[in-house]
Amino acid sequence: MTDLPPWRRPPRDHFPGVPAWGMPSTMVPQERVAFSQIGPVTRDWAWGGADGSGIRVCVLDSGVDATHPLVGGIDQAMDVVRDDDDMVVVPVDPVDEAGHGTACASVIRLIAPRVSLTSVRVLGNGKHGTGSALLAGLSWAIDEGFDVINMSLSTAKEQFRGALSELTDRAYFRRCVIVASAHNMPVRSYPWPFASVISVASHDGPDPMTYYYNPAPPVEFYARGVRVRVAWPGGREILSTGNSLATPHMAAICALILSKHPTLTPFQLRSVLYLAAENVAEPQGGS
Amino acid sequence: MVLVNSSGLTQRRLLQAIVEMARSVYGAAAASVFLLNQETGDLVFEAVAGEGEGWLPGTTFPAGTGIAGWTVMCGQSLLVDDVSANPQFARDAAESTGYLPQSIMAAPLFRDDGECIGVLEVLDRDSRPRRDQGDLESLGLLATGTAEVLALLVRLRSLESTHDDRDGADAGGMPVLHRVADRLPAASEQVRATVTRLLQMAEDLLADDAAGSGRPDA
């Protein structure tokens, strides 16, 4: 248990006479943990030379076809299945009949080739995705402590809003960075508008590393999402457009930054993303 | 018993008007609305303008396949290009629709409660310079209106089905009767006459049966 960093431990015991969330600093020695200083942020400082090594990325989607050449293997494939009244997460073959998750995984692999990829299938499974499978899969991914969770999906069902909001807050405090697709239609959907997740929509430029900060959120960033060459079932490729494809670009950029600066907190990562964005970074500061 | 779904005709005409409009706006080869079967996840063509409009309505796409399947799963609108460069996809599409598109654009249709009930799809838009992102955004706007009409149609069918059940109809035969009622107006004169005759025979048979053994359980 002590091997776990503070942000991954269960809530600590209370001290007599001390408020539950207070810190008895005169009684308890301060634990030393690694911190990252943010230097002058340029794109080169942020991710120059990084390849995603050491970072675990979870793709919550329709599954991932591990044999696709653009995916190049994955480390783990899980499925969410119903067990009586519960939804449980179980190992499964790394396949993807629909191809949506494989397409997302191929974008991540292109930008951050050395990340460890895990697939959790929360969509498909004989019918369209259910909110309860999504909640169970996301909860599992947060418990497992993935560094980055890619969610190229959203639910428009209001009844899942509260539970999703709690989960994304939990992820934020455990340093699991959730990167989620903003909706490109005028509908209310979740979790992308939550402040605890990094939300992504599309720009129409061709460069996979170019992204913009949106000074008028809830959409926070625009990443490449138009005519993107992605994996398609059966080892093939296809050109696709949509926020679903912009999201893995941003997730992969997060993975690059974290692989170079592993002790960044989610709020620091957001600052780095902000400072290195195309429309924010000093022109001479770019890589 | 409602043999012809007359009260649904307005909604069907509205749906047809929407796909005609979508086809015209994008200068597309075809535009269609799918209804999602909530039990199986299959997608059924409800309205088609352009390629396949004569015979596609009523046919089914299996759950989770194709771009429409992606759209239902992730709840997002999507666009794919160079589809026909993909032999397997082309064959699947040809077998199910009889038409090979180069590009497909699709948006999910949401009911008020956030449930996805269908998909609006546009094949091969090509009348203007390419505007992938803008086109996808306008498709989203169009989808919002389409969803309202589709939701109305679904609600109406459900009401009629309840009404028919109360009339003592055999619930097991209702889906067939609905499909027949839906397709009858579009059938050729000869087929329509034959189907009407068959339905009259069925009604006579039921009337005889009811007279002989009392009404079946309601």
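Predicted model: local features only at pLDDT ≥ 70, side-chain atom pairs only at ≥ 80, totals over all residues.

Biologist: Let us begin with the chains. How many helices and strands does chain A have?

Modeller: Chain A has six helices and 11 strands. Chain B has six helices and six strands, and its elements run α-β-β-β-α-β-α-β-β-α-α-α from the N terminus on.

Biologist: What percentage of the residues of each chain counts as buried?

Modeller: A residue is called buried when its relative accessible area is under 20%. In chain A, 55% of the 287 residues count as buried; in chain B, 44% of the 218 residues do.

Biologist: How should I read contacts between residues that lie apart in sequence?

Modeller: One takes the contacts between residues at least 6 apart in sequence and asks what share joins residues at least 24 apart. That share is 69% in chain A and 59% in chain B.

Biologist: Which residues touch the most other members of the largest nonpolar core?

Modeller: In soluble globular proteins, nonpolar side chains tend to be buried together. Here the largest such core holds 139 residues, and A:Ile149, A:Tyr211 and A:Leu273 touch the most other members. Helix H5 of chain A, residues 243-260, gives this core its largest share, 11 residues. As for A:Tyr211, its contacts beyond four places in sequence include A:Trp47, A:His203, A:Met250, A:Ile253 and A:Leu273.

Biologist: Why is H5(A) described as largely enclosed by the rest of the structure?

Modeller: The description follows from burial, because 17 of the 18 residues of H5(A) are buried.

Biologist: Is A:His100 buried or exposed?

Modeller: A:His100 has 1% relative accessibility and therefore counts as buried. This residue lies in helix H2 of chain A, residues 100-111. Its contacts include A:Asp61, A:Ser62, A:Ser152 and A:Ser244, and also B:Trp70, B:Met73, B:Cys74 and B:Leu78 of chain B.

Biologist: Finally, the surface. Which residues make the nonpolar surface patch of about 230 Å²?

Modeller: That patch is made by A:Ile38, A:Tyr274 and A:Leu275. A:Ile38 lies in the segment before helix H1 of chain A and, at 32% relative accessibility, counts as partly exposed. For chain A as a whole, the accessible surface comes to about 12,700 Å², with 53% belonging to carbon and sulfur atoms. Chain B exposes about 10,700 Å², of which carbon and sulfur atoms supply 57%.

Methods. Residues numbered from 1 in each chain as written. Chains lettered and ligands numbered in written order. Heavy atoms only, no water. Core = buried A, V, L, I, M, F, W, Y, C linked by side-chain atoms within 4.5 Å. Buried < 20%, exposed > 50% of the residue type's maximum accessible area, 1.4 Å probe, protein only. Helix = DSSP H or I, 4+ residues; strand = E, 2+ residues; numbered from the N terminus. Contact = heavy atoms within 4.5 Å. Areas by Shrake-Rupley, 256 points an atom, 1.4 Å probe, with all protein chains shown as cover. Patch = residues over 30% accessible without salt bridge, like charges linked within 9 Å, V, L, I, M, F, W, Y side chains within 5 Å. Salt bridge = Lys/Arg side-chain N within 4 Å of Asp/Glu carboxyl O.
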